[in-house]
Amino acid sequence: MRFRKTVLADRVLTISMDGIVASADGLAGFLASLAAVPGCGGRQGDSIKAALMTEFRVQAEIAARAGDTSLAQHLASQIETLAPPRGSPAEAVQFHHSAMLEDICARLWRDAGEKRFIYLPKTLPAAAKTAAVLACEERPADSADQSPFWAEDPERAASSEQPRGLILIDRQQVEVIRDRRGRYRALSEAAWQAQKAKLIKFCAALPVGVVVLVVDFAAAQLTASAIIGSGLVLPAPGGCIVAPRSAGLSDIIAACEMAQDGAQDLPSLLST
């Protein structure tokens, strides 16, 4: 589950599934202890809860087949405890009218307890675009001066957790801009060179824990999106959709990680 070393080393995680079920404190006690583990928040806490739910379902089925209805019912109540509240506004899928992907990312990032993200822009990262490229996309030119959504307030940066993230860029989109095709046909060679220089500068300024790679979205079956904490953001006609707890989030993360196998870092691609 890609946990931090501090989380893996904590004694709370040494408890077995049987121990959680048999403990006097039970699941509630374990979850309370989990909340006190340093660095175990956001996606990692959600991963542990998801793993518990999966295991409880398996054990409940085994208990039911064995005729142990008491244990099966107990495990079912544990699953209900772990499941997100039904109908909770915080858990409901939301549509944000006229919002751009990066706008929603910035909102979720400010609220995220854990500073990790996966970001798949539709074309290039918003903070890495020149005014000329933005003009081709009919975006405001002043967006060229915006900071990345993961940028921290300088006064807080020294004391806050440094961001860790994965940025995947579609190779075909880079080639479309480079070749000045489609809506980018008005770009000059000089404008492309300026865009290339800004991309290289953007990569050089990234935090140590943030990686930017170029992949073939079509081959990897990826689409423009972002994962901030446990929230999935998807561009949609007229705005963006936010799924605070998507059932397929782990599969999407796995697909992004697998796509790295044949990826190329952006500066290397631009140099050729």
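A residue counts here as buried if its relative accessible area is under 20%, as exposed if over 50%, and as partly exposed in between (1.4 Å probe, protein chains only). The model is predicted, so local features need pLDDT of at least 70 and side-chain atom pairs count only at pLDDT 80 or more, while totals for chains, interfaces and linings use all residues. Residues are numbered from 1 along each chain as its sequence is written, and side-chain values use heavy atoms, with hydrogens and water left out.

By that cut-off W109 is buried, because its relative accessibility is 2%. F149 is buried too, at 10% relative accessible area.

Now for the rings. A search of the whole structure turns up 8 aromatic pairs, where rings of Phe, Tyr and Trp (its six-membered ring) pair if their centres lie within 6.5 Å; planes under 30 degrees apart are stacked, over 60 edge-to-face and the rest tilted. W109 and F149 make an edge-to-face pair, with 6.0 Å centre to centre and 70° between the planes. This pair links distant parts of the chain, 40 residues apart: W109 sits in helix α6 (residues 101-111), and F149 in the loop between α7 (131-136) and α8 (154-157). Helices here are DSSP runs (H or I, at least four residues), numbered from the N terminus. Together with F117, Y119, W150 and F202, these two residues form one aromatic cluster.

Leaving aside neighbours within four places in sequence, W150 is in contact (heavy atoms within 4.5 Å) with W109, F117, Y119, P163, I167, F202, L206 and P207.

Note on methods. Helix = DSSP H or I, 4+ residues; strand = E, 2+ residues; numbered from the N terminus.
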